Amino acid sequence: MKRCPTCNRTYSDASLNFCLEDGSQLQSDVPRPPDPNATIRYPGARDTAEPPPTEIYRPDSPHITASPTAPAQQWSPMPPGHVQQKSSNALWWVLGGLGLVAVLGIGAIVVLIALANIGANTNNENSNVRIANTNTDTNTNESTNANSGRNANTNTLPASISDDFSVANWGSGRFQFGEVWYTDGEYHMRSKERTFIVMYAPSDGYATKDATVKVTARSVDGTVPSNGFGLMVHCAQSKTKQLEDYAFLIYPEPEPEFEVVMHKDGIQSTLVNRTKSSAIRSGSTPNQLEVRVKGDDLEFYVNGEYLTSITDKQNYKGGRAGLYTSDAVEVAFDDLKIQRQKPQ
């Protein structure tokens, strides 16, 4: 006969070494001589025919994190101090293991459903990366912070806005086709080879309708991206969440050039072919890009010198400002200014 020193439960099975109730090590029940002065108290009857139920310890709920290097979550299937039973109780451990597998299986299904819901919801959020269609030059492009409509009422906006990129208002991070970050009071962008990446402004306060929009742009090391870099106006998403805007791009090569392109339903097309201009400064020297919007007319300037103009035939006028670069070349933007015309 063996006895549990904690709960006084007795066992006739000599092969048992641990209590099935609380896991304490059993002791041999050696009869002692009765104490005639002791008051004998009989414990209530115990049912020793059935072992106690096996308790399954579940891990904490998994945490979804954007960091790919986050350490894997660790957990123990038993609480601290719990003594594991030996193989004589293997049947109950098998049953407990099967229950644990079932619980974890259900948990995995719940996590998959949650991730599916997250994927469905993030398609409608402005802060998420969106991969657009391939452009006419077979360059995959990517955009972030793209607003979904052209509903800005310029009558309710301030007459001007100035952003020197000293505060991180615009989106930043590493994306599938490039990266965007703040450093030294400038906004830096770099795409990957044979791609371009676009950043739309973070709010309707950057609306470009009937406004003069300026930004300073430079190549950090003087290298020129294959598809240029520059300033965008009237930026918004189509009903199918694709890029729609006008982009004023420069190529500060030894013989500098500029270009005007349009995105419609994510497809890039050229409105003004690459044209040489001595007004553009070569290499890493900063250039001030300027677009003057007057109704349907858009005029393009570099360093205060007029270059060309187009007509907004797509009625894009309700969108925001934006920034564009291509290829694996680091470019930096600074001193974005928007001056709106006073309503007539």
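**Aromatic rings and their neighbours**

The model is predicted, so to speak of local features requires pLDDT of at least 70, and side-chain atom pairs count only at pLDDT 80 or more, while totals for chains, interfaces and linings use all residues. Residues are numbered from 1 along each chain as its sequence is written, and side-chain values use heavy atoms, with hydrogens and water left out.

Now look at W170 and Y206, whose rings form an edge-to-face pair, 5.6 Å centre to centre with 80° between the planes. Rings of Phe, Tyr and Trp (its six-membered ring) pair if their centres lie within 6.5 Å; planes under 30 degrees apart are stacked, over 60 edge-to-face, and the rest tilted. W170 is buried at 3% relative accessibility, and Y206 is buried too, at 6%.

Stepping back, the structure holds 11 aromatic pairs. One of them joins F165 to Y182 in a tilted arrangement, with 6.4 Å between centres and 50° between planes. Ring pairs also build a cluster from F165, W170, Y182, Y187 and Y206.

Two arginines are worth a look as well. R274 lies over the face of Y251, 3.7 Å from the ring centre, and the charged end of R292 sits over the ring of Y301, 3.8 Å from its centre. For a charge to sit over a ring, NZ of Lys or CZ of Arg must be within 6 Å of the ring centre and within 35 degrees of the ring normal.

Definitions and conventions. Buried means under 20% relative accessible area, exposed over 50%, partly exposed in between (1.4 Å probe, protein chains only).
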